Structures are given as C-alpha cells and as structure tokens.
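Follow along with the sequence and the 3D view.

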Amino acid sequence: MQQQVNSLPLPQWQIIKLTSVGYETVADLLSSTPVELSQDAGIGHRDALQVLQVARTAAQISKQLDSKLIPVQQLLQNEQNRNPIVTFCAKLDEVLGGGIPLCKLTEFCGPPGIGKTQLCMQLAVSAQIIEECGGCNGSVIYIDTEGSFLPERLHDIAYATVEYLNATVEKCNDKETAAKLSSFTPESIMKHVHCFRCFDYLEVIATVNILEDLIKNKKKEVRLIILDSIASPFRYSFDDLVVRTRVLNGIAQQLIRIATENELSVVLTNHITLKFNTSSDSNQLLPALGETWGHACSNRIIMYMENGIRYARLYKSPQKQNATVSFQIKTSGIRDSLSSTSELSTLNSNKRPKLS
C-alpha cells in the first residue's frame, strides 16, 4: 500500500496544494523532479526540494518496515526450527521447553554460591554442541562483572561434555556424526568462548555497545551472550534510582534487539534482595534491581537452596507454567538432582545414556 501525501510531516498548505494537483501518494512525488513539482504545485524551488526529501525519507522507512513484516506462521516455524541451549539438567530443560530459548532474554536469580556462574559456564559449553547432536554450534560472548569466571572450571565442563557426546555417538554407531564430532574438543570449546571482564557499569555499557560489531567479526556465529551478573555493577552505583532504571532499560532493549536480529540467546544473572513487609512479620526474597527490570527478561528463574538441595523455580515465562525442579552441581557440570530419577531429556533423549 502506498503512503498517502496527507500522512507526511508537511505543512498543511503544502499538502493541500500537492493533493489538489494530483499528488496523492509518495510514489507520485518521487516520480517528479523539483522543477516539475514546483511548477505543478505552485511552490518555490526550495520548498519542492524539501518536499522530495521528506518523501524519500518516508519511502526508506516504509521499505524498512516492509522488510521486517513476517507472517506469524513463519515466526512459529522459525521458533520450532531453532535448537534451544540445554542446561544438562533434564527437569530444568523440560520446564523451560527444551532449554534456554534463542531470540530471548533469560535471567537466573539467586544468592551467592547457589550455582548461577556454574550454570552460565555449562551453557557456554552447551551452546557449542554441533547441530547433529541437537545443539546450536555457535560461539559465546561472556561478560564477567564479578570475577567469578574460571577457565579451569570451564575446561572441566567442556571435557565432560565432549566425553559424553562421544560415548553417545559411539553407542549409536553413528559414523557420520562421529566424524563431525571429531572437531568438537575441549580446546575448540575454550577457543570459542570470548570473555570480557568489566569492573563497573560504564564498562558494561561500553561492552554492550560494541556487541554487534563483535558478533559480525566472529567467524563462528555467536549463539549465546552471557552477562554474569547484571546486578553487580548497577546495584550500588546510582544515587538516583530513576537514572539507574533508565540506563538498565536501555541495556535491556539493546540486548533484546541483538538477540532477535542475530537469533541468539542472552542469559543474565541477578542477585536477590529481601523485601520487608510492614503489614506482617513475614519478609520476601525477590530479584534485585526493582520491579521495572523484572519486565525486561522473557524468562526468569529463581535459584535457592532448601535442606541442602538446590532448586530452580520458573518464576516468569510467556509460554510455560511456573514450576520448581531440583538440580545439583557436579564436576561434569549442572545435572539432575539425586532425587530425580529422570535421565537427561535433551539432545536426542532416546539415544543418550545417563551421565554421572
């Protein structure tokens, strides 16, 4: 559909003159020269140039919008064709609909020592699993704001994952997949995790601003961005909470756009805070950074410990019901809790043995 001239940001007198001589659409304007437009509409040459400039800008914007229009059926197919990033905890993957979804922001909240960083490192490995094994075969950008990223620990998880996949493929006698899996080694995994250490919120903002350039320059497509954690540099750095909220919203919108346009997943970790209830004696543990920040992420999982068992509760999701599952941290990475009898339910579950 052609954009009408009366919808352009022009003075009313110009619109009246243009439409009275037959210029009804933007295409009509662009088919004329400044001289022709000036003579036909009875306006000055400078006014004609300005009108054409407005028309060109409107046409460019319209073209950009048309290119972004995607049928809902196509969106559904795209989502179904994307492999999520598995956590290697079968129950948690099941709650999330198969794993961490692409094109969305997912936040893990919890107290210190609950396993947020361990989970992030597990995901940094899982994101690189080859597509034949149900993975994304992508590289990872890891933004560390707390100094908790440990390359040695990442190597342990990478080694366990490689061993597991090789054992699975060997058991299935899949020679074609085995050949492709030969390049999936702990060394290659470590090579494709790109870590940035940020010490304050200004460095976080600067890193987020260059993410798109980093993504374009990587030979292996980026499928996961990790920000561990979003709370650390922002929680106590602002006296004015309104300014902090505005800055955080800007970062969130930028990450959402990057995730959507590049078909990757963004995973953030957050602290929890104690909310005092003045009307009763009970207090409530909530994710930090306020209620406004809570709207930024599509999925929000709260991690906590009870009676020595770690739990992950799906607190917010546009697709799945709230649920709580147990998990444990092992040398090999994130796994189902000992209380769970379920085997790993991702990465072609009908072929995969249980990994201890």
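**Reading the fold, feature by feature**

Q: How do I read a strand pair, say strand 1 and strand 5: in which sense do they pair, and over how many bridges?
A: Start with the sense of the pairing and the bridges. This is a predicted model. In it, strand 1 (residues 105-109) and strand 5 (residues 265-270) are parallel partners, joined by five bridges. For a point of reference, find Cys 109: Asn 270 in strand 5 stands opposite.

Q: What is the strand order in the open sheet?
A: The order here is 3-2-4-5-1-8-9-10-11, nine strands with mixed pairing. Strand 3 (193-197) and strand 11 (333-336) are the edges, each pairing on one side only. On average, neighbouring strands are turned by 25 degrees against each other, direction ignored.

Q: Which strands does strand 2 pair with, and in what sense?
A: Take one neighbour at a time. Strand 2 runs parallel to strand 4 (residues 222-228), with six bridges between them. Here Ile 143 faces Leu 227 of strand 4. Strand 2 also pairs with strand 3, in the parallel sense, over five bridges. There Asp 144 has Arg 197 as its bridge partner.

Q: Is strand 2 mostly covered or mostly exposed?
A: Check each face of the strand. Strand 2 (residues 139-144) is mostly covered, with six of its six residues buried. Ser 139, Ile 141 and Ile 143 point one way. Val 140, Tyr 142 and Asp 144 point the other way. Both sets are buried.

Q: Now helices. At what angle do the axes of helix 11 and helix 14 cross?
A: Look at distance, angle and hand in turn. The axes of helix 11 (residues 201-209) and helix 14 (residues 241-262) come within 10 Å and cross at roughly 25 degrees. Angles under 35 degrees count as roughly parallel, so helix 11 is roughly parallel to helix 14. The crossing of helix 11 and helix 14 is left-handed.

Q: Which residues of helix 11 and helix 14 meet?
A: List each side. Helix 11 brings Ile 205, Val 208 and Asn 209. Helix 14 brings Val 247, Ile 251, Gln 254, Leu 255 and Ile 258. The contact of helix 11 with helix 14 has six nonpolar residues, two polar and no charged.

Q: Is Val 208 buried or exposed?
A: Compare the relative accessible area with the cut-off. Buried means under 20%. Val 208, at 1%, is therefore buried. This residue of helix 11 touches Ile 251, Gln 254, Leu 255 and Ile 258, leaving aside residues up to four places away in sequence.

Q: How do helix 7 and helix 8 pack?
A: Helix 7 (residues 116-126) and helix 8 (residues 151-172) pack at about 50 degrees, with axes 9 Å apart. That angle makes helix 7 oblique to helix 8. The crossing of helix 7 and helix 8 is right-handed. Helix 7 contributes Gln 118, Met 121, Gln 122, Ala 124 and Val 125 to the contact. Helix 8 contributes Arg 153, Leu 154, Ile 157, Ala 158 and Thr 161. The residues of this contact divide into six nonpolar, three polar and one charged.

Q: What should I look for in the backbone?
A: Most residues other than glycine have a negative phi, and most peptide bonds are trans. Now look at the exceptions to that pattern. Asn 137 is not a glycine, yet has a positive phi of about 55 degrees. Asn 137 sits in the loop between helix 7 and strand 2 and is partly exposed, at 34% relative accessible area. Glu 263 also has a positive phi, about 50 degrees, without being a glycine. Glu 263 is in the loop between helix 14 and strand 5, and its 33% relative accessibility counts as partly exposed.

Q: Which residues does the cis peptide bond join?
A: Check omega. The bond between Asp 228 and Ser 229 is cis, with omega about 5 degrees. Ser 229 belongs to the loop between strand 4 and helix 13 (231-234).

Notes. Residues are numbered from 1 along each chain as its sequence is written. This is a predicted model: local features need pLDDT of at least 70, side-chain atom pairs count only at pLDDT 80 or more; totals for chains, interfaces and linings use all residues. Side-chain values use heavy atoms; hydrogens and water are left out. Two strands pair if DSSP finds at least two bridges between them. Helices (H or I, at least four residues) and strands (E, at least two) are DSSP runs, numbered from the N terminus. Axes are lines fitted to C-alpha atoms, for helices over the stretch in contact, and angles run from 0 to 180 degrees between N-to-C directions. Angles under 35 degrees count as roughly parallel, over 145 as roughly antiparallel, 65 to 115 as roughly perpendicular and the rest as oblique. A crossing is left-handed if the near helix is turned anticlockwise from the far one by less than a right angle, and right-handed if clockwise. Contact means heavy atoms within 4.5 Å. Ala, Val, Leu, Ile, Met, Phe, Trp, Tyr, Cys and Pro count as nonpolar, Asp, Glu, Lys and Arg as charged, and the others, Gly among them, as polar. Buried means under 20% relative accessible area, exposed over 50%, partly exposed in between (1.4 Å probe, protein chains only).
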